[in-house]
Amino acid sequence: KNAMRTSTTPAFLLALALVSCGKLHHNIDAFNVASTNATKKRSLIHRHVGVSHIPDDLDLGQNTVSSPTTSLLNTPRSASTLNPIQAAVTKYAMISYISHLCVALPMVLFPTFLKNKVMMTLGLQTKSASEHEALRVSQKCASTLLKLIPFMNLQISSPHMQEQEGDEDPVPTIWVSNHVSNLDTFVFLSSDEQLRGKNRRPIKTIYWKGLDSNPICKLVFSMAGFIPIDMAANGNGNPNEYNRASFKNMLKETKLAINEGFDIFIRPEGQLNPAPEAGLQPVFGSPFAIAKSSKRPIQMIGLFGCHHLWHADEETGMKVVGRDVKVKVFPPCTKEFESAEEFIDAFNAVVGTFGASGQELSSEELDRWLT
């Protein structure tokens, strides 16, 4: 994966991809939504996939949030491990990957859409099966393209999933991860099989509805049945304010997805972290409440290094300083958390440590937090 491949896509197709993905502004940002209100632009950039603050009268059982243990202001960014030429090649390979993916996804999903439409009309396939197939097709497209344009050194550690490779019916799970970059979406899309195994359960992600303004996001997320939630652009660092009707619908769709056997994926920080080296953003207790109500275990995933390629800070953006990206699936939480605070403490300790340094806790410390 260390060799760079030259793009052979015709120039007009690449230009089409750039336009369709909203790449004509600033950072060629495929998964951000631009705001005309300059005072709120940064908050929009940082709202992404996840569930965070819950309205009091629509509570899942806990409305607890942690405080950041370290100030995220003025935190120095990691020094570059690449020379200027390597950084430039990596940046434009990343842009090429995203651009090609924006062209490829509609092409591979259109036949899937037609087939599933016919099968569902004839009563030969359920909506859930169609959503699962659409996500699998998207994941295969993303992983194949990453092999052709290997702009990052992706290191995946998931020994516990490998142990379950032969399990035909994996345990239904609530998955939680930190959120460091807009690149996270591409990483999880391309590496899900390696993270959760070939026999992985179907999964649905809770995401910010604002991403639907991007046609590629809307295509993939809607066909995969992901669960949107709408929120107000109320300024970066302020508690997320959700549309009440949207929040009620999210609760309904999450419950339905769980009853249909889907795993659920949540990012409990609720927004991008502009300084992963300083620790996590405030963590919310929603995953604990969902896991408790569904009687499912929580499994944590740690992500490190995406911000070295595509930083959450708008002013930094795609100023590449490294190519190494690590994804770590931690052991299942056999510990029954007694409260949202207990989950939050464990998430900060386990995932926060990995997200800040790329290093995991010792086995003794992991056992203390997870078992």
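Predicted model: local features only at pLDDT ≥ 70, side-chain atom pairs only at ≥ 80, totals over all residues.
**Entry 1: strand S2**

I began with strand S2, which spans residues 174–177. I noted that Ile174 and Val176 point one way, while Trp175 and Ser177 point the other way. All four of these residues are buried.

I then looked up the partners of S2. Strand S5 (residues 263–266) pairs with S2 in the parallel sense over three bridges, and here I found valine 176 opposite isoleucine 266. Strand S6 (residues 298–304) also pairs with S2 in the parallel sense, over four bridges. In that pairing, serine 177 stands opposite isoleucine 301.

**Entry 2: helix H7**

At its start, I located a side-chain oxygen of asparagine 214 within 2.9 Å of the backbone nitrogen of isoleucine 216. After the helix comes glycine 225, with a positive phi near 75°.

**Entry 3: H3 against H7**

I examined the packing of H3 on H7 and recorded an angle of about 35°, with the axes 10 Å apart. The crossing is left-handed. From H3, the residues Cys102, Leu105, Pro106, Leu109 and Phe113 meet Ile216, Leu219, Val220 and Met223 of H7. By class, I counted nine nonpolar residues in this contact, no polar ones and no charged ones.

Note on methods
Residues numbered from 1 in each chain as written. Heavy atoms only, no water. Buried < 20%, exposed > 50% of the residue type's maximum accessible area, 1.4 Å probe, protein only. Helix = DSSP H or I, 4+ residues; strand = E, 2+ residues; numbered from the N terminus. Pairing = 2+ DSSP bridges. Polar contact = N/O pair within 3.5 Å; in protein donor to acceptor, adjacent residues only side chain to side chain. Axes fitted to C-alpha atoms, helices over the stretch in contact; angles between N-to-C directions. Left-handed = near helix turned anticlockwise from the far one by under 90°. Contact = heavy atoms within 4.5 Å. Nonpolar A, V, L, I, M, F, W, Y, C, P; charged D, E, K, R; others polar.
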